Amino acid sequence: MSWAAHELESYVLQKHIKTKVSFLAILLGCFWPDMISKGTVYGFDAFGFSFHPKNPDLYHRGWPGVGFTHSLMYGVVISLIVLWVFKSRAWALGLLIGHWAHVFTDICDSVGVMLFFPFSTQNYSIGMWAYAAQQGRYGDASAYYSSLGGVWDLFWLGMVLLSWKVLTRNYFFTKVVADDPVWPWFKRRLKMSEVLMLALYRAYFLYGACRIFAWFFWSRFVDKAPLDLSWGGPYWVEKVHAKYPPIGELLLRSTLGAAGLAASMWVLWMVVGRRLWGRAEKHEKARALANAKRASQVPRQKSGRDMAGAKGQ
Amino acid sequence: MAAESEQADESGGLPTPDSSPAAAGADDASNTDDPDGTTREGNTAGTDTAGADDVDHADGTDNASEVPELSDTADTSDDGEEIRPEDVREGVVDLVAYAVGAVALILLGYFTQRDVLTWTRGPFTVVVIIMAVHWVGRRVQARREKVGGAR
């Protein structure tokens with residue numbers, strides 16, 4: 001799993017996607033798979049109830065378990081539900097992009113993800129750093145920031161800094177706010193000031209960047225974990241890996257999984273997605289038209305009032 | 001119409017999107033009567049603060065009532081040109097706020113770990129620090145203006 005990369009990649013993705021897409025949706029999509037799974041992966045005790053998965057890696061990324069949250073199909077289903085309920089293409093697309101970014105990022109650890117679930121339960125991984133949820137929260141943090149995982153986070157921090165314009169006030173108000181109806185809603189309904197909105201927008205960058213250093217220093221000076229920047233490190237963590245069958249079977253599983261995913265996505269699009277997309281487009285156009293009407297009426301009323309005032313004088 | 005749109009916002013949970021910047025601007029214009037602020041909404045849509053101010057001048061609307069709403073810490077000055085030094089001051093306060101936020105988060109994270117370093121508590125802490133520094137900045141500025149006025 002990745003730590004700060006999930007926050008940081010949202011900023012880069014929002015900048016490079018050429019169509020209208022919600023930043024908040026990308027951010028939420030990047031968090032989504034772990035939001036609903038990670039709490040239980042480490043185990044918890046509450047109100048006399050105790051839950052500690054025997055194999056956190058299998059539970060988190062496999063089936064049976066909550067591994068389906070890290071599959072491409074899950075992102076598609078969630079996006080369709082959002083498109084259906086909220087009629088917002090920017091949010092549906094943002095959630096899908098954010099979710100898929102999380103899934104592809106998690107391929108980098110040693111356990112990987114079930115990309116083609118439910119058509120295949122095969123995990124795919126490049127094993128760049130060791131998966132360490134079985135070590136508990138702190139052990140996981142220590143292992144991650146003692147391995148190439150920390151370098152991966154730094155890579156994304158560098159990517160955001162290279163795209164530094166995404167953090168400017170101007171970019172936020174001209175691009176992020178303009179592409180997402182939620183920000184004006186925050187302002188209108190919650191009476192949020194511009195300073196607060198901007199702080200909220202930048203907060204996840206600052207949090208992502210700072211947690212890299214906080215956890216890194218903690219691992220070095222408090223936990224005193226040895227740094228190991230070799231592929232698949234750190235060496236001192238209990239190894240758990242994605243299990244691969246013989247190459248022929250792997251190819252067959254992958255082909256069937258990819259074909260099943262592609263076919264089901266096509267069917268979903270033809271049966272549901274296309275209609276919902278069209279409906280959302282119409283809804284957005286109607287909304288824009290209503291806004292334009294209101295915009296044309298308000299100045300007229302205003303100038304009418306002014307004229308009346310002038311006559312009265 | 002405004003009521004209609006607000007109903008739509010409530011029914012949809014999320015407000016429905018405005019598909020173009022022009023529409024966003026239109027939405028902002030529709031909030032002109034909102035006591036929360038006219039030109040501030042315009043700024044949110046990406047219009048230049050000074051530009052929004054110019055528009056108000058051109059319309060002949062009551063600048064004295066609208067200019068203070070240009071920004072959260074807007075001066076009471078009626079002249080749009082006089083906002084610039086304040087923008088600079090705002091920028092400096094912003095920089096200090098984010099620097100303090102970053103240092104505080106790293107230190108708090110180092111010493112308290114998950115008491116601060118979670119996806120909810122971390123950003124919340126940052127936002128609170130930034131807003132607190134801005135609040136202090138406004139207080140300091142107000143005091144300076146008071147002292148300057150007394151002299």
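Reading along the sequence, chain A runs α-α-α-β-β-α-α-α-α-α-α-α-α-α, with helices (H or I, at least four residues) and strands (E, at least two) taken as DSSP runs numbered from the N terminus. Residues are numbered from 1 along each chain as its sequence is written, and chains are lettered from A and ligands from 1 in the order in which they are written. This is a predicted model: local features need pLDDT of at least 70, side-chain atom pairs count only at pLDDT 80 or more, and totals for chains, interfaces and linings use all residues.

**Exercise 1.** Work out how α1(A) and α6(A) pack.

*Solution.* Start with the stretches: α1 covers residues 5-16 and α6 residues 89-106 of chain A. Next, take the axes, which are lines fitted to C-alpha atoms over the stretch in contact, with angles from 0 to 180 degrees between N-to-C directions. The angle is about 130° and the axes are 10 Å apart. Now classify: under 35 degrees is roughly parallel, over 145 roughly antiparallel, 65 to 115 roughly perpendicular and the rest oblique. So α1(A) and α6(A) are oblique to each other.

**Exercise 2.** Find what Leu105(B) touches beyond its neighbours within four places in sequence.

*Solution.* First, the cut-off: two residues are in contact if their C-beta atoms, placed from the backbone, lie within 7 Å.

**Exercise 3.** Sum up the makeup of chain A.

*Solution.* Count the elements: 12 helices and two strands. Then get the extent: the C-alpha trace spans about 85 × 50 × 45 Å along its principal axes.
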